[in-house]
Amino acid sequence: MTKESGWQFALRVDELEDDAATEVVLRGRQIAICRFESGYYAFDNICTHEYACLSQGFLDGKTIECPLHQARFDVTTGEALCAPATRALERFEVRVAGDQVFIRLPD
Ligand code: FES
């Protein structure tokens, strides 16, 4: 699996926080990962409005609220749901193998 292009080990499943996004840094990029019963989601951890780490924000269901100006994003699609953010978050594919979480980064 990890021989396909772009897959990077991110963290172990037991390192993921419950009811919050967990930040990992891969190739210098800050990425947030959330786990739900429906699956795992990874997205850019930096808000598309200004500079704030979404993993420090509030996760409400599958919506995360930016801690700086309270823009909200759908973590399953990356879509910006309200102002002041207007641009979607970049999302990343996630795979779990055993107790390890992998994220696919663009080349
Ligand atoms: S930095 Fe996130 S809403 Fe402004």
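Author: Happy to, and let's begin with the surface. This is a predicted model, and its chain exposes about 5,900 Å². Carbon and sulfur atoms supply 43% of that area.

Reader: And how much of the chain is buried?

Author: Buried residues account for 44% of the 107 in the chain.

Reader: What are its dimensions along the principal axes?

Author: The C-alpha trace spans about 40 × 30 × 20 Å along those axes. The radius of gyration is 13 Å, and a compact globule of 107 residues would come out near 13 Å, so the two agree.

Reader: Nice. How many helices and strands are there?

Author: Zero helices and nine strands. Going along the sequence, the pattern reads β-β-β-β-β-β-β-β-β.

Reader: In what order do strands line up in the sheet?

Author: Six strands make an open sheet, in the order S1-S9-S8-S4-S3-S2, and they pair in the antiparallel sense. At the edges sit S1 (7-12) and S2 (22-26), each of which pairs on one side only. From one strand to the next, the twist averages 35°.

Reader: Let's zoom in on S2. How many bridges does S2 share with S3?

Author: S2 and S3 are joined antiparallel over five bridges.

Reader: What do S3 and S4 form together?

Author: A hairpin as well, with two residues between the strands. S3 covers residues 29-36 and S4 covers residues 39-44, and they pair antiparallel over six bridges. Look for Arg-35, which stands opposite Tyr-40 in S4.

Reader: Side-chain question: in a regular strand, which way do the side chains go?

Author: They alternate between the two faces of the sheet.

Reader: OK, changing topic. I clicked on Asn-45. Where does Asn-45 lie?

Author: Asn-45 is in the loop between S4 and S5, and S5 is 58-60.

Reader: Is Asn-45 buried or exposed?

Author: Buried: the relative accessibility of Asn-45 is 0%, and the cut-off for buried is under 20%, so Asn-45 qualifies.

Reader: What does the side chain of Asn-45 make a polar contact with?

Author: The side chain of Glu-23, at 2.9 Å. A polar atom of the Asn-45 side chain also lies 2.7 Å from the backbone nitrogen of Ser-55.

Reader: Which residues is Asn-45 in contact with, leaving aside neighbours within four places in sequence?

Author: Glu-23, Gln-30, Ile-31, Ala-32, Ala-52, Cys-53, Leu-54 and Ser-55.

Reader: Good to know. One more residue: which strand holds Phe-102?

Author: Phe-102 is found in S9, residues 100-104. With 7% relative accessibility, Phe-102 falls under the 20% cut-off, so Phe-102 counts as buried.

Reader: For the chain as a whole, what share of contacts with a separation of 6 or more comes from residues 24 or more positions apart?

Author: That share is 42%.

Reader: Great, thanks for the tour!

Note on methods: Residues numbered from 1 in each chain as written. Predicted model: local features only at pLDDT ≥ 70, side-chain atom pairs only at ≥ 80, totals over all residues. Heavy atoms only, no water. Pairing = 2+ DSSP bridges. Helix = DSSP H or I, 4+ residues; strand = E, 2+ residues; numbered from the N terminus. Axes fitted to C-alpha atoms, helices over the stretch in contact; angles between N-to-C directions. Buried < 20%, exposed > 50% of the residue type's maximum accessible area, 1.4 Å probe, protein only. Rg over C-alpha atoms; globule rule 2.2 N^0.38 Å. Contact = heavy atoms within 4.5 Å. Areas by Shrake-Rupley, 256 points an atom, 1.4 Å probe, with all protein chains shown as cover. Polar contact = N/O pair within 3.5 Å; in protein donor to acceptor, adjacent residues only side chain to side chain.
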